[in-house]
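Visitor: I am new to this structure and would like a short tour. Could we start with the rings and charges, please?

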Amino acid sequence: MEKKEIIINQIIVSMQQYLDREQMKELDSILRINLRGIRLEEECTELSTDVDDNMYILKVFAANKKLEGCKDGTIEQYLRQTKDFLDSVNKNYKNVTKDDVKFYLAMYSRNVKQNTVANAKRFLSSFFSWAHDEGYIRSNPVKTIKGIKPVEVANKHLSLEEEVAVRDVEKSKRDTAIIDFMLSTGVRVGEIEAMNRSNVNLIDGSVTFIGEKNGKQRTVYLDVCAKKHLIEYLQTRTDNDDALFVSHRMFKNVYGIKDVRRLGKTAYENIAKDIAIKAGITDKVCTVHVYRKTFATRLAENGCPLEVVQELLGHSSADITSKHYVAKTKKRVRKEFERCMAA
């Protein structure tokens, strides 16, 4: 790798804790523009660190992933898996072989399910593909490893009877509004966490926000029950917090004044699970994602075109929507069968 590229990466790594994604992209561009055409002499290598160091290369990898727009949680998964692998084989990343990866995945598979192993391979592949593309290594040791594919699992969602049960079970006005909101919009837990009152148009029932995964604006809609219960909940609020949903408890703010607090991801997950249990659903853990998949499945069952479901979920590909979010229920299969046979 050129000395210039090493120095640029070192600066990016050093500054990532101080800059957001857009600022990092701007810094990367400025460095490349100003260093274009400049040949660096040998003494300039004093600015770099030892590129053979595993921790250093992982920091560079993380910084580049952040520049690409990866979420912090996703980057943490890449780093955790890659570091665990490098620690396990006790090698420098440049010396890793295909056999090292196969041995690690074989040992890893003893304690986890196949899909977890497939994810581990995917994380390692991302790191070594990047290292190869950037010129840090001559070949990608993960590229030619075959036979580790995720197995298709049943799409976990609420049946119609279970959906009715979680909607009808006794709960607070806030939790009623939250459950209806999730079942009506199919939003991700990070999206509902970031939701503000200003995102919702209570006149036409539309909800417009920036999607968590792709950073693009998306609009979803409230059904009659969700709109009604959200209005009833908001009418009980006496606080000035921007958040759409807030805590029941009061907390002291930075000024020592007691006030409500925006609900976090853990709170939403607990509400989703607890209400499902209260409604008598004990055969599955009902995370926010289960409500999201229920939303998608219900639309498909009622004949909603796949591309519309994809748009409402904020997916980049209809394949993702079809494979992972729309359950192949007997009702839908039978409806399609009867439609096609009658044609």
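This is a predicted model: local features need pLDDT of at least 70, side-chain atom pairs count only at pLDDT 80 or more; totals for chains, interfaces and linings use all residues.

Visitor: Is Lys65 buried or exposed?

Guide: Lys65 has a relative accessible area of 10%, and because buried means under 20%, Lys65 is buried.

Visitor: And which residue forms a salt bridge with Lys65?

Guide: That residue is Glu68, with 3.4 Å between the closest N and O atoms. Both residues belong to helix 3, where they are 3 residues apart, about one turn of the helix. Glu68 is partly exposed, at 49% relative accessibility.

Visitor: Why can such side chains pair at all?

Guide: Side chains of opposite charge can do so when their charged atoms come close.

Visitor: How many salt bridges are there in the whole structure?

Guide: A search finds 19 of them. One of these joins Asp239 and Arg237, whose closest N and O atoms are 2.6 Å apart. Asp239 and Arg237 are both buried.

Visitor: What about Glu301, which residue does it bridge to?

Guide: Glu301 forms a salt bridge with Arg298, the closest N and O atoms lying 2.8 Å apart. The two residues are in helix 12 (residues 288–301), 3 residues apart, about one turn of the helix. Both Glu301 and Arg298 are buried. They also take part in a network of salt bridges that links them with Glu163, Arg167, Asp180 and Asp223.

Visitor: Back to the rings. Where else does a charged end sit over one?

Guide: Arg261 provides another case: its charged end sits over the ring of Phe251, 3.8 Å from the centre.

Visitor: And rings with rings, how many aromatic pairs are there?

Guide: The structure holds 14 aromatic pairs. Phe61 and Phe127 form one that is edge-to-face, with 5.3 Å from centre to centre and 90° between the planes. Phe61 lies in helix 3 (residues 54–68) and Phe127 in helix 6 (residues 114–133), so this pair ties together parts that are 66 residues apart in sequence. Both of these residues are buried.

Visitor: What does the pair of Phe181 and Phe245 look like?

Guide: The pair of Phe181 and Phe245 is edge-to-face, at 5.8 Å centre to centre with 80° between the planes. Phe181 is in helix 8 (residues 173–185), whereas Phe245 is in the loop between helix 10 (224–235) and strand 4, so the pair connects parts 64 residues apart in sequence. Phe181 and Phe245 are both buried.

Visitor: Which residues do ring pairs link into a cluster?

Guide: The members include Phe61, Tyr78, Phe127 and Trp130.

Visitor: One last residue, then. Where does Ala106 lie?

Guide: Ala106 is in helix 5 (residues 98–108). Ala106 is partly exposed, with a relative accessible area of 41%. Its C-alpha atom is separated by 8.7 Å from that of Val117, a residue 11 residues apart from it along the chain.

Notes:
Residues are numbered from 1 along each chain as its sequence is written. Side-chain values use heavy atoms; hydrogens and water are left out. Rings of Phe, Tyr and Trp (its six-membered ring) pair if their centres lie within 6.5 Å; planes under 30 degrees apart count as stacked, over 60 as edge-to-face and the rest as tilted. Helices (H or I, at least four residues) and strands (E, at least two) are DSSP runs, numbered from the N terminus. Buried means under 20% relative accessible area, exposed over 50%, partly exposed in between (1.4 Å probe, protein chains only). A charge sits over a ring if NZ of Lys or CZ of Arg is within 6 Å of the ring centre and within 35 degrees of the ring normal. A salt bridge is a side-chain nitrogen of Lys or Arg within 4 Å of a carboxyl oxygen of Asp or Glu.
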